[in-house]
Structures are given as C-alpha cells and as structure tokens.
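This report describes one protein chain for a reader who has its sequence and model at hand. Please consult both while reading.

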Amino acid sequence: ARALQAGGAAAQLPASLALLLAAAPANRRTEAARNWSAVGGLAAAMGPVLGGLLVQVDWRWVFLINIPVGIATLVAGALVLPRPAPRGTERRPDLIGAALLTVAIGALTGSLVQAPHWGWASTATLGLLALAVLASVLFVRRCAIHPAPLLELPLLRIRRFAIANVAAFVFSISFSIMLVSNALWCQDVWHYSALQTGLAMTPGPALVPLVTVGSARAVRRFGGGPVACVGSLLFLAAMLWRVFLAGPEPDYLRDLLPSMLLSGAGVGLAISTLIGAGATALPAHRVATGSAVVNAGRQVAANLGVAALVTLLGTTVDPAGLREAFIKGWWLGAGLALVAAGLSLALPRGNADGSGDLEAAPEADPEADANRAGLGEEPVTGQAAAGWRSAR
C-alpha cells in the first residue's frame with residue numbers, strides 16, 4: 001500500500017507543478033510556483049486536524065477519506081487539465097537508476113533508524129551504510145552514462161537550479177525534524193490526544209499560505225535569496241525557542257505556539273521561494289524535470305530528517321533523557337536552518353521569465369518550441385533557451 005501511495009505521489013506532484021507552470025505566463029512562473037507551495041501549506045494545516053477528527057471516529061477513516069478525494073480529483077482532472085500530444089521521441093526512464101536510488105535511501109535510512117538498537121559498530125549497521133554508499137556511487141555513475149537518466153546531471157551546472165535545490169533539501173530536513181518532533185512531544189511528553197495534537201500544530205501550517213502570498217512583493221523587490229534567508233532564520237528562531245523553553249509540563253501559549261508561528265512564517269518565506277526558484281530556473285520545456293527533482297529532493301530530505309530524529313531519540317524512555325534527546329534534535333534542526341540561510345544568500349537573482357543568471361542567446365530552441373506547442377505556449381527564447389542548451 002505504501003509503495004502504491006509513493007507511486008501515485010511521484011506521478012502527481014511533479015506533474016501538477018509542471019502543468020501549472022506550463023499554463024502560466026513567462027513572467028508569472030515564479031509566482032505560480034510559490035502559490036502552488038502555499039496550497040501545500042494550507043493542506044498541511046488541514047491534514048492534522050482532519051486526521052485527528054477522523055481518528056476519534058475510527059483510524060480506518062484516515063485511509064478511507066482518500067477514496068472520495070481521489071475520485072473527485074480524477075473527475076476534475078478529466079474536465080480541466082490540458083492534454084498535450086504524446087512525445088514519441090522521449091526515452092523510457094532509467095528503472096535501474098531508480099532502483100539504485102531507492103536502495104541507497106532505504107539503506108541509509110535503515111542504518112540510522114536501527115543503529116540505536118544494533119549499535120553503530122555492528123556488522124548490520126556498517127553493512128547498510130556501505131550499501132548506501134555503493135548504491136549512491138552506482139546511481140551517479142548510471143546518471144552520467146544513461147541516455148535518459150533519473151537525474152540529469154547537466155542541470156546541476158545551472159547555478160540557480162542547483163543552489164535552490166540544495167537549500168530546499170537542507171531546509172526540508174530541518175522542517176521534517178520540527179514537524180515530527182513536535183507531534184511526538186505533544187503525544188509522548190504532554191500526553192495530548194491525536195485531535196489535541198493536530199489542533200496544537202495547526203497555527204504554523206495555517207500561516208504558510210498567508211505569508212507566501214503576502215511576501216510576493218518582497219520577492220520581486222529584493223529577490224528570492226534574501227527572502228528565503230529571512231525565512232530560514234525565522235525557522236532557526238523557532239527551533240531555538242523549543243531548545244530553551246520546552247518543558248515537560250504543558251504550556252502551549254508560552255512554549256509551542258510561538259515556535260509554531262515562527263516556523264510557519266519561516267516556511268512561508270523560505271520553502272515556497274526556494275521551490276519557485278528551483279522549478280523556474282529551467283526553460284519551460286524542462287519544467288517537469290525540474291519540478292520532479294525539487295519534489296524528489298524534499299521527499300528524500302523528509303526521510304532523512306525523520307531517521308535522524310529517531311536516531312537521536314533512540315530507546316530513551318525516562319523523561320529527563322527523552323527531553324535531552326528532543327533538544328539534540330532541535331539543535332540539529334537549528335543548525336540545518338542556518339545552513340539553508342547561508343545557501344539562500346548565494347542564490348542568484350532570477351529574471352522576469354523565471355530563469356537565473358544565464359547568458360542570453362538571440363535564438364530560441366526549436367525542439368522546445370515544438371514540445372510547448374501542445375500546450376499552446378509561446379516559444380522559449382533568450383536566457384532560458386541558452387541556459388538549457390549550454391547545460392544539455
């Protein structure tokens with residue numbers, strides 16, 4: 001069931017962003033990507049509360065609720081989504097590369113999660129770590145030689161795309177640590193119910209779309225880098241708030257609420273801006289590829305963040321030791337947020353068409369024009385086309 005869920009998400013999320021950016025005017029692509037992220041923030045705010053309510057009835061409803069939602073999505077998609085002509089020249093994806101990446105992530109995550117039980121020097125832990133390294137090396141090698149690689153390595157030579165993705169990756173690890181640690185803290189330390197936990201965590205995600213939409217003018221005026229940097233620093237403050245003020249006795253207004261508001265503002269400024277920068281750094285005919293890399297990176301980062309937190313929590317059961325383990329996790333999240341802030345400052349300022357600091361070119365890319373014709377778009381010209389040709 002989890003594999004089917006992952007396959008559905010992998011097909012839907014990158015395609016949804018790609019369709020949105022293909023339909024948006026060239027000078028509105030970054031704004032469209034940021035609004036797409038804001039919708040995700042709103043969904044994140046609704047999810048815990050709705051999940052808590054459903055659990056009060058029966059935990060199976062958490063899964064059953066997806067059936068009518070899925071049916072509604074299929075109907076809406078059939079009515080409104082564009083249907084571009086199939087591209088017969090597109091090669092099949094590299095399934096072996098996908099398998100290698102899955103093994104690498106699974107082995108690394110498994111080693112982190114099991115190390116507290118097995119021991120860091122145990123044969124099983126070291127074996128999984130070695131498997132993760134080997135699979136990663138083989139994956140990169142496969143991407144370098146395969147005609148249709150899972151990750152197109154030349155894209156990483158586009159500075160804006162590479163920095164935005166690395167910054168979003170680091171920030172997403174910190175975000176997953178914050179999200180899971182707060183949920184576990186509410187339930188395991190404060191002994192909140194599932195519904196109480198969902199309500200307690202709602203203010204942060206609910207703030208994300210408001211901040212994302214409200215910061216659009218700041219992004220246009222100052223560029224994405226400074227805005228994402230401020231967001232990362234606000235998120236850093238949210239993690240430090242927990243480090244210094246979290247206590248075993250429930251004190252929501254003094255402890256958790258300010259941290260959730262700071263984190264919500266930080267996510268609204270940082271992650272939406274970084275996603276927008278990464279997804280729009282490529283010419284429009286490579287938007288699907290770019291959005292797939294952005295979303296895949298966030299999912300891998302979420303796995304690593306949860307695994308890191310589980311490793312820090314380990315098998316601790318006494319209250320004092322558990323609090324110290326949580327504090328270590330928050331310190332780790334704070335450090336990663338600081339790294340994301342530094343990376344954000346290095347982000348080149350994008351141009352009106354969503355491209356980064358690329359050299360201009362006088363002519364368009366004919367292949368791109370043909371591919372975009374199915375969506376009724378204008379040809380890709382200037383900097384975006386030149387950047388893609390140089391990377392390819």
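## A term and a first example

A polar contact is a pair of N or O atoms within 3.5 Å; within protein, one of the two must be able to donate a hydrogen and the other to accept it. The structure discussed here is a predicted model. In it, the side chain of Thr-109 reaches the backbone oxygen of Ile-105 at 2.8 Å. Thr-109 is found in helix 5, and it is buried, with a relative accessible area of 18%, because buried means under 20%. Leaving aside neighbours within four places in sequence, Thr-109 is in contact with Asn-303, Leu-304 and Ala-307.

## The chain as a whole

The protein chain contains 16 helices and zero strands. Of its 392 residues, 44% count as buried. Among contacts between residues at least 6 apart in sequence, 79% join residues at least 24 apart.

The average pLDDT of the protein chain is 82, and 87% of the residues score at least 70. Over residues 351–392, however, the pLDDT is below 50, although this stretch has 86 contacts in the model beyond near neighbours in sequence. Where pLDDT is low, the predicted coordinates should not be read in detail.

Helix 5 comprises 24 residues, 95–118. At 1.5 Å a residue, helix 5 should span 34 Å, and its end C-alpha atoms are 32 Å apart, which agrees. At the start of helix 5, a side-chain oxygen of Asp-94 reaches to within 3.3 Å of the backbone nitrogen of Ile-96. A kink of about 35° lies at Leu-112, shortly before the proline Pro-116. The buried residues of helix 5 are Gly-97, Leu-100, Ala-104, Ile-105, Ala-107, Thr-109, Gly-110, Ser-111, Leu-112 and Ala-115.

What follows helix 5? The next residue is Gly-119, whose phi is positive, near 100°. Ser-122 is found in the loop between helix 5 and helix 6, the latter covering residues 123–145. With a relative accessible area of 18%, Ser-122 is buried. The side chain of Ser-122 reaches back to the backbone oxygen of Trp-118 at 3.4 Å.

## Arg-34, a buried residue of helix 2

Arg-34 has its place in helix 2, which covers residues 29–57. Is Arg-34 buried or exposed? At 3% relative accessibility, Arg-34 counts as buried, because the cut-off for a buried residue is under 20%.

Which residues does Arg-34 touch, not counting those up to four places away in sequence? They are Thr-212, Ser-215, Ala-216, Val-219, Gly-268, Ser-272 and Thr-273. With Thr-273 there is also a polar contact of 3.4 Å between the side chains. Ser-215 is 181 residues from Arg-34 along the chain, and the C-alpha atoms of the two are separated by 9.7 Å.

Ala-183 lies in helix 7. It is partly exposed, with a relative accessible area of 21%; this value is not under 20%, so Ala-183 does not count as buried. Apart from neighbours within four places in sequence, Ala-183 is in contact with Thr-197 and Met-201. The C-alpha atoms of Ala-183 and Thr-197 are separated by 6.4 Å, the two residues being 14 residues apart along the chain.

His-191 is placed in the loop between helix 7 (159–189) and helix 8 (194–201). Its phi is near 60°, a positive value in a residue other than glycine. Most residues other than glycine have a negative phi. At 61% relative accessibility, His-191 counts as exposed.

## Phe-244 in helix 11

Phe-244 is found in helix 11, residues 224–245. At 58% relative accessibility, Phe-244 counts as exposed, because exposed means over 50%. Phe-244 and Trp-330 are 86 residues apart along the chain, and their C-alpha atoms are separated by 10.0 Å.

## Cysteines

How many disulfides does a search of the whole structure find? The search finds zero. A disulfide is a covalent bond between the sulfur atoms of two cysteines. Cys-186, at 0% relative accessibility, counts as buried. Cys-229 is buried as well, with a relative accessible area of 9%.

Conventions:
Residues are numbered from 1 along each chain as its sequence is written. This is a predicted model: local features need pLDDT of at least 70, side-chain atom pairs count only at pLDDT 80 or more; totals for chains, interfaces and linings use all residues. Side-chain values use heavy atoms; hydrogens and water are left out. Helices (H or I, at least four residues) and strands (E, at least two) are DSSP runs, numbered from the N terminus. The expected span of a helix is 1.5 Å times one less than its number of residues. The bend at a residue is the angle between axes fitted to the seven residues ending there and the seven starting there. Buried means under 20% relative accessible area, exposed over 50%, partly exposed in between (1.4 Å probe, protein chains only). A disulfide is a pair of cysteine sulfur atoms within 2.5 Å. pLDDT is the predictor's confidence in each residue, from 0 to 100. Contact means heavy atoms within 4.5 Å.
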